[in-house]
Amino acid sequence: MKVTQGILEHIRDPETFNRVVVEHADEIYQSCLLVPVFSRARASDAYTAWENDVRRVAEFDLGGKPLDHLKQAAHLAYWLRRMGPIIDSRDSSKNIQDGAGYVDLTKDQETLRELLFKYSTEYLAFDLGYQICAFYEKAKAGASGRNQNFAPTTEYVDTVCHFLKFKNISPHALFLIYKSLFLERF
């Protein structure tokens with residue numbers, strides 16, 4: 001799923017929201033020969049909670065000003081993690097019709113599978129928020145060269161996913177995580 005200009009406005013529509021979440025998960029899972037299984041009810045709950053949160057924060061905390069992309073992405077990641085729209089996955093590399101050993105996974109595919117088996121919900125939530133933040137940060141006037149090519153390490157993502165799964169991480173904490181990833185360095 002390619003993040004494009006205006007994605008945060010487009011996903012304010014519930015059908016577009018569901019499509020974006022499904023496409024993003026499909027792309028991640030298919031890259032390591034897995035197929036995600038979704039709960040449409042949970043995705044709908046995530047959308048409703050995110051939409052209400054963004055509206056409430058804008059109205060009461062920001063005096064009617066819209067949230068920036070980092071805050072919207074943080075709230076999005078928070079509610080996707082909390083509602084968990086992915087409920088299972090199927091292994092498409094183990095098709096009974098294929099001969100034994102038909103598909104050999106690469107080291108990167110195996111690493112991603114391991115991460116998804118441990119933290120599927122957390123990874124989907126964090127990564128979608130990160131992709132949105134990265135798009136907007138790269139598009140900003142005067143964006144640094146660091147932000148053009150930066151990607152968090154596998155170890156960093158694993159750590160963030162672990163915290164998202166086992167600790168109480170608020171949307172505000174997620175905002176700080178995303179913000180820190182794109183700070184200018186001297």
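**Pocket and helix packing**

Helix H5, residues 107–139, and helix H7, residues 154–166, each supply at least two residues to the lining of the largest pocket. Keep in mind that this is a predicted model.

Let's stay with the pocket. How much space lies in it? About 400 Å³. Its lining has 19 residues. Nearest the centre are Asp127, Tyr130, Gln131, Ala151 and Pro152. H5 gives the largest share of the lining, with eleven residues. By class, the lining splits into twelve nonpolar, four polar and three charged residues.

Now the helix pairs. Two packed helices are described by the angle between their axes and the distance between the axes.

The axes of H5 and H7 cross at roughly 60° and come within 9 Å. So H5 is oblique to H7. Their crossing is left-handed. Who touches whom? On the H5 side we have Thr111, Leu115, Lys118, Tyr119, Glu122, Tyr123 and Phe126. On the H7 side the list is Thr154, Tyr156, Val157, Asp158, Val160, Cys161, His162, Leu164, Lys165 and Phe166. That contact counts ten nonpolar, three polar and four charged residues.

Next, H4 and H8. H4 covers residues 69–83, and H8 covers residues 171–181. They pack at an angle of about 125°, with axes 8 Å apart. H4 is therefore oblique to H8. This crossing is right-handed. H4 brings Leu70, Lys71, Ala73, Ala74, His75, Ala77 and Tyr78 to the contact. H8 brings Pro171, Leu174, Phe175, Tyr178 and Lys179. The classes here are nine nonpolar, one polar and two charged.

H4 has another partner, H3, residues 40–61. At what angle do the axes of H3 and H4 cross? Roughly 145°, and they come within 9 Å. H3 passes H4 in a right-handed crossing. From H3, the contact uses Arg42, Asp45, Ala46, Ala49, Trp50, Asp53, Val54 and Val57. From H4, it uses Gln72, His75, Leu76, Trp79, Leu80 and Met83. Nine of the residues in this contact are nonpolar, two are polar and three are charged.

To recap. H5 supplies eleven residues of the pocket lining and crosses H7 with a left-handed sense.

Methods. Residues are numbered from 1 along each chain as its sequence is written. This is a predicted model: local features need pLDDT of at least 70, side-chain atom pairs count only at pLDDT 80 or more; totals for chains, interfaces and linings use all residues. Side-chain values use heavy atoms; hydrogens and water are left out. On a 1 Å grid over the protein atoms alone, a cavity is a set of points where a 1.4 Å probe fits but cannot get out, and a pocket is an open set with protein on both sides within 12 Å along at least five of seven lines; lining residues have an atom within 4 Å of a point. Grid points are joined across faces, edges and corners, and a volume is the space filled by probe spheres set on the points. Helices (H or I, at least four residues) and strands (E, at least two) are DSSP runs, numbered from the N terminus. Ala, Val, Leu, Ile, Met, Phe, Trp, Tyr, Cys and Pro count as nonpolar, Asp, Glu, Lys and Arg as charged, and the others, Gly among them, as polar. Axes are lines fitted to C-alpha atoms, for helices over the stretch in contact, and angles run from 0 to 180 degrees between N-to-C directions. Angles under 35 degrees count as roughly parallel, over 145 as roughly antiparallel, 65 to 115 as roughly perpendicular and the rest as oblique. A crossing is left-handed if the near helix is turned anticlockwise from the far one by less than a right angle, and right-handed if clockwise. Contact means heavy atoms within 4.5 Å.
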